[in-house]
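This report describes the fold of one protein for a reader who is new to structural analysis. Please keep the sequence and the three-dimensional view at hand while reading.

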Amino acid sequence: MKQYLDLMRHVLAEGHQKTDRTGTGTISVFGYQMRFDLSQGFPLVTTKKCHLKSIIHELLWFLQGDTNIGYLKANGVSIWDEWATDSGELGPVYGAQWRSWQTPDGQVIDQISQLIADIKRTPDSRRLIVSGWNPAVLPDTRMSPKDNAAAGRQALPPCHTLFQFYVNDGKLSCQLYQRSADILLGVPFNIASYALLTMMVAQVCELKPGDFVHTFGDAHLYLNHLEQVQLQLSREPYPMPTMKINPAVTDIFGFTFADFELQNYQSHPAIKAPIAI
Ligand SMILES: Nc1nc(=O)c2c([nH]1)NC[C@@H]1CN(c3ccc(C(=O)N[C@@H](CCC(=O)O)C(=O)O)cc3)CN21
Ligand SMILES: O=c1ccn([C@H]2C[C@H](O)[C@@H](COP(=O)(O)O)O2)c(=O)[nH]1
């Protein structure tokens with residue numbers, strides 16, 4: 001996971017200080033790209049211990065089209081708590097856009113089902129895209145995330161905004177455009193989540209996993225994360241672990257938590273850090 005440490009070093013060296021919505025302050029760059037060859041191992045950060053359980057449950061929750069944190073809470077995952085209403089709603093965030101994009105004439109588009117069908121039917125297509133960015137449901141920036149969710153808008157606009165697939169030589173690659181990236185807390189989750197999604201989509205399309213390409217808009221280090229960043233940079237990464245997925249699953253909506261097994265994950269200890277709300 002040298003790529004991740006290189007991103008941290010790049011932002012420290014080239015970034016500029018910038019204020020942000022949360023009032024925390026960041027060091028930020030605009031535009032950066034990382035690439036992970038998924039045949040070389042599973043890209044889970046090793047310079048701190050990452051909670052893969054949260055990542056898997058979050059991805060399964062997106063794929064079910066769910067936008068209420070009830071499922072996450074029931075599985076001990078608390079990463080979305082700060083943004084949800086008292087009844088657990090986040091408004092039409094990822095799950096809603098991926099599985100039930102509402103058209104103006106009242107139809108509902110399941111982007112994930114369409115994507116799988118398109119990859120199978122026209123693997124050379126240059127239109128294999130899923131978008132979470134829907135200007136019709138963006139939050140009103142004068143209101144808090146919770147108030148937006150209560151009003152039926154997204155609590156937060158999607159950070160992992162749009163992703164595209166590419167098939168070549170029997171291998172499936174995925175590129176994500178992430179408009180805004182909290183490098184210490186969000187990015188390790190985002191890399192592992194999209195690497196896993198690429199492997200799952202590849203399996204159900206009878207392809208091998210290729211590359212995960214991670215492209216960033218505003219990639220930032222929060223100013224209250226700099227000690228944790230230095231600690232990670234002082235650590236030597238371990239070899240990448242391996243992810244085993246139950247090969248019997250052939251439906252993208254048929255995966256459960258028990259279908260994933262991470263092998264040989266050796267990591268440095270976890271690092272605590274405050275999250276900017
Ligand atoms: N500032 C900010 N950064 C984010 O990464 C982020 C948001 N806000 N808002 C929406 C979601 C929620 N995400 C989160 C929220 C919390 C953690 C977090 O606290 N991670 C800890 C503990 C992990 C766990 O409990 O599983 C970590 O050490 O990684 C990570 C991603 C990613 N997103
Ligand atoms: O998957 C995610 C979700 C969120 N983030 C980070 C990126 C920003 O630090 C905040 C969102 O704030 P905005 O003002 O809406 O950009 O959350 C992430 O890194 N990954």
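## Overall form

Of the 277 residues of the protein, 35% count as buried. A residue is buried if 20 or more other C-beta atoms lie within 10 Å of its own, exposed if 12 or fewer, and partly exposed in between, with C-beta atoms placed from the backbone. The model is predicted: local features need pLDDT of at least 70, side-chain atom pairs count only at pLDDT 80 or more, and totals for chains, interfaces and linings use all residues. Residues are numbered from 1 along each chain as its sequence is written, while chains are lettered from A and ligands numbered from 1 in the order in which they are written.

A compact globule of 277 residues would have a radius of gyration near 19 Å, and the value of 18 Å for the protein agrees with this. The radius is taken over C-alpha atoms, and the globule rule is 2.2 Å times the number of residues to the power 0.38. Along the principal axes, the C-alpha atoms fill a box of roughly 50 × 45 × 35 Å. Among contacts between residues at least 6 apart in sequence, 69% join residues at least 24 apart; two residues are in contact if their C-beta atoms, placed from the backbone, lie within 7 Å.

## Strands and helices

The secondary structure comes to eight helices and ten strands. Helices (H or I, at least four residues) and strands (E, at least two) are DSSP runs, numbered from the N terminus.

Strand β6 (residues 160-168) and strand β7 (residues 171-182) run antiparallel and are joined by eight bridges; two strands pair if DSSP finds at least two bridges between them. N168 has K171 in β7 as its bridge partner. The two strands form a hairpin with two residues between them, and D169 in the turn has a positive phi of about 60 degrees.

On to the next pairing: β7 runs parallel to strand β8 (residues 208-222), and ten bridges join them. Here A181 is partnered by A219 in β8. Together with helix α7 (residues 186-204), β7 and β8 make a right-handed β-α-β unit. A crossover is right-handed if, with the strands pointing away from the viewer, the path from the first strand over the helix to the second runs clockwise.

In soluble globular proteins, nonpolar side chains tend to be buried together. The largest nonpolar core of this protein has 67 residues, of which I183, A195 and L196 touch the most other members. Helix α7 gives the most to this core, with twelve residues. A nonpolar core is a set of buried Ala, Val, Leu, Ile, Met, Phe, Trp, Tyr and Cys residues joined through C-beta atoms within 7 Å.

Which residues does L196 contact, leaving aside its neighbours within four places in sequence? They are I56, L59 and M243.

## Annotated positions

The UniProt record, an unreviewed entry, places the feature "binding site" at R21, R126, R127, R179, S180, A181, D182, N190, H220, L221 and Y222. These positions span 202 residues in sequence and their farthest two C-alpha atoms are 35.7 Å apart, so they do not all gather at one spot. UniProt positions are given in the numbering used here, feature names are shortened, and annotations may be inferred rather than shown by experiment.

Two of the annotated residues may be examined in turn. R179 is in strand β7 and is partly exposed, with 17 other C-beta atoms within 10 Å. Beyond its neighbours within four places in sequence, R179 is in contact with C159, T161, G217 and D218. Y222 is in strand β8 and counts as buried, with 23 C-beta neighbours inside 10 Å. With the neighbours of Y222 within four places again left aside, its contacts are T24, T26, D182, L184 and A276.

## Positive phi values

E206 is in the loop between α7 and β8. Its phi is near 55 degrees, a positive value in a residue other than glycine. E206 counts as exposed because it has 11 C-beta neighbours inside 10 Å.

N264 is found in the segment after β10 (260-263). The phi of N264 is near 60 degrees, and N264 too is a residue other than glycine with a positive value. N264 is exposed, with 11 other C-beta atoms within 10 Å.
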